[in-house]
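Welcome! Take a moment to look over the sequence and the model, then work through the exercises below.

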Amino acid sequence: SMNILLLGSDSRAFVHDAADKGSFGDTRAVGGQRADVIIIARVEPKNRRGVLVSIPRDTLVKLPGYSSQQLINQSFEKGPQGVINAIKSNFGVPIHHYAEIDFDGFRRMVDAIGGVRMYIPAPSRDRMTGLDIKTAGCMTLDGKQALSWVRSRNYTYYEAGKWRTDPTADIGRIARQQDFIRRLMVQAVEKGALNPTKANRLADAAMADLTV
């Protein structure tokens with residue numbers, strides 16, 4: 001059994017064009033990096049079981065060099081080892097491996113498997129992330145749409161003639177992230193299950209955007 005740390009970096013180092021600058025800002029507007037997503041994937045091969053445990057990015061923890069508690073996402077300023085140390089010292093959970101991806105890498109990974117199929121229960125939007133889904137129903141999210149979906153913390157949906165705000169904020173975002181990751185994994189396996197060459201190509205495409 002092992003614990004794998006999955007990190008989503010909010011670094012803007014990838015921003016080079018006007019479209020991405022408008023969506024994310026650049027390194028002058030948002031410097032450094034923080035852990036936008038922190039998930040511990042617990043893998044138990046003998047039990048054929050996997051569990052995803054998310055840590056909200058705004059969780060207050062003790063970090064070296066600070067007299068007061070800090071947000072856990074700040075630990076990423078010292079790289080992945082900083083996050084690993086924070087998790088181990090605050091929660092007693094050992095980390096055996098880690099995988100890290102940034103915004104652009106996430107978009108490319110979703111596009112590499114041909115998008116992710118989802119059922120969206122209502123028209124949805126988030127002006128902070130650019131999410132704008134105009135109709136409910138089954139659809140395939142491409143990399144750009146998927147990123148705006150999993151980043152949404154100001155999620156609103158249209159119901160009974162009016163726009164309603166999801167009051168769960170970051171907790172709701174965590175639920176959407178975990179649901180999306182499960183769907184992405186299942187669909188990637190489905191697409192490659194009967195074709196070893198295609199499976200290899202999908203794995204290579206996904207791994208190209210991961211730091212492990």
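## Exercise 1: The largest pocket

The lining of the largest pocket divides into 32 nonpolar, 5 polar and 6 charged residues. In this count Ala, Val, Leu, Ile, Met, Phe, Trp, Tyr, Cys and Pro are nonpolar, Asp, Glu, Lys and Arg are charged, and the others, Gly among them, are polar.

Before going on, a word about the model: it is predicted, local features need pLDDT of at least 70, side-chain atom pairs count only at pLDDT 80 or more, and totals for chains, interfaces and linings use all residues. Residues are numbered from 1 along each chain as its sequence is written, and side-chain values use heavy atoms, with hydrogens and water left out.

**Task.** Find which residues lie nearest the centre of the largest pocket, and which element gives the largest share of its lining.

**Solution.** 
- Step 1: start with the term. On a 1 Å grid over the protein atoms alone, a pocket is an open set of points where a 1.4 Å probe fits, with protein on both sides within 12 Å along at least five of seven lines; lining residues have an atom within 4 Å of a point.
- Step 2: take the volume, which is about 1200 Å³; a volume is the space filled by probe spheres set on the points, and grid points are joined across faces, edges and corners.
- Step 3: look at the lining. It has 43 residues, and Leu6, Met109, Ile181, Leu184 and Met185 lie nearest the centre.
- Step 4: Elements giving two or more residues to it include strand 1 (2-9), helix 3 (103-112) and helix 5 (169-192). Helix 5 gives the largest share, 9 residues. Helices (H or I, at least four residues) and strands (E, at least two) are DSSP runs, numbered from the N terminus.

## Exercise 2: Salt bridges around aspartate 58

**Task.** Work out which arginines are described here as forming salt bridges with aspartate 58.

**Solution.** 
- Step 1: a salt bridge is a side-chain nitrogen of Lys or Arg within 4 Å of a carboxyl oxygen of Asp or Glu. The structure holds 15 of them.
- Step 2: arginine 57 forms a salt bridge with aspartate 58, with the closest N and O atoms 3.9 Å apart.
- Step 3: arginine 153 also meets aspartate 58 in a salt bridge, at 3.1 Å from N to O. This pair links distant parts of the chain, 95 residues apart: arginine 153 is in the loop between helix 4 and strand 11 (156-159), aspartate 58 in the loop between strand 3 and strand 4 (60-61).
- Step 4: compare the cover. Buried means under 20% relative accessible area, exposed over 50%, and partly exposed in between (1.4 Å probe, protein chains only). Arginine 57 is buried at 13%, aspartate 58 is partly exposed at 35%, and arginine 153 is partly exposed at 29%.
- Step 5: widen the view. Asp36, Arg57, Asp58, Arg153, Asp170 and Arg173 are linked in a network of salt bridges.

## Exercise 3: A pair within a helix

**Task.** Is aspartate 104, the salt-bridge partner of arginine 108, buried or exposed?

**Solution.** 
- Step 1: the closest N and O atoms of the pair are 2.3 Å apart.
- Step 2: the two residues are separated by about one helical turn, because they are 4 residues apart in helix 3.
- Step 3: aspartate 104 is buried at 17% relative accessible area, whereas arginine 108 is partly exposed at 42%.
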